[in-house]
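Subject: Structure handover

Hello,

The structure is below, with notes on what was found in it after that. Please read the notes with the coordinates open.

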Amino acid sequence: MGVVEFMGSTAGRLARIAAGIALIVIGLAMIGGATGIIVAVIGLIPIAAGVFNFCLLWPVFGVELHGKPRASH
């Protein structure tokens, strides 16, 4: 299974959400200060990507930004 197919799967969506939560926890609990807040805000991006089923890397692989990826030709 390639990266694109994985990111389009339910497991990929859950992985994006988990990565976002991890960034928020790391930013607020481990880094702290202004840098930690910035890291936590960046963590919202993968959470939104998982919840709304989009992946910012799909256009790099020639796949549409939203929805389940299709096989590239």
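Helices (H or I, at least four residues) and strands (E, at least two) are taken as DSSP runs, numbered from the N terminus. On that basis the protein chain has three helices and zero strands, in the order α-α-α along the sequence.

This is a predicted model, so local features need pLDDT of at least 70, and side-chain atom pairs count only at pLDDT 80 or more, while totals for chains, interfaces and linings use all residues. Residues are numbered from 1 along each chain as its sequence is written, and side-chain values use heavy atoms, with hydrogens and water left out.

Overall figures

Of the 73 residues in the protein chain, 29% are buried (under 20% relative accessible area; exposed is over 50% and partly exposed is in between, with a 1.4 Å probe and protein chains only). The accessible surface of the protein chain is about 4,800 Å², 75% of it from carbon and sulfur atoms (Shrake-Rupley method, 1.4 Å probe; for residues, only the protein chains shown count as cover). Contact means heavy atoms within 4.5 Å. Of the contacts in the protein chain between residues at least 6 apart in sequence, 40% join residues at least 24 apart.

Helix H2

H2 (residues 10-31) has 22 residues and spans 30 Å from first to last C-alpha, close to the expected 32 Å (1.5 Å times one less than the number of residues). Gly 12, Arg 16, Gly 20 and Gly 27 are buried in H2, and their cover includes H1 (3-8) and H3. Gly 32 follows H2 and has a positive phi, near 70°.

Arg 16 has a relative accessible area of 6% and therefore counts as buried. Beyond its neighbours within four places in sequence, Arg 16 contacts Met 7, Pro 46, Ile 47, Ala 49, Gly 50, Asn 53, Phe 54 and Cys 55.

Core and surface

Val 4, Met 7, Cys 55, Trp 58 and Val 63 make up the largest nonpolar core (buried Ala, Val, Leu, Ile, Met, Phe, Trp, Tyr and Cys residues joined through side-chain atoms within 4.5 Å). With neighbours within four places in sequence set aside, the contacts of Met 7 are Gly 12, Arg 13, Arg 16, Cys 55 and Trp 58.

On the surface, Leu 23, Ile 38, Ile 42, Ile 45 and Leu 56 form a nonpolar patch with about 440 Å² of accessible area together. Patch residues have over 30% relative accessible area and no salt bridge; like charges are joined within 9 Å, and nonpolar side chains (Val, Leu, Ile, Met, Phe, Trp, Tyr) within 5 Å. A salt bridge is a side-chain nitrogen of Lys or Arg within 4 Å of a carboxyl oxygen of Asp or Glu. Helix H3 (residues 33-51) gives the largest share of the patch, three residues.

Regards
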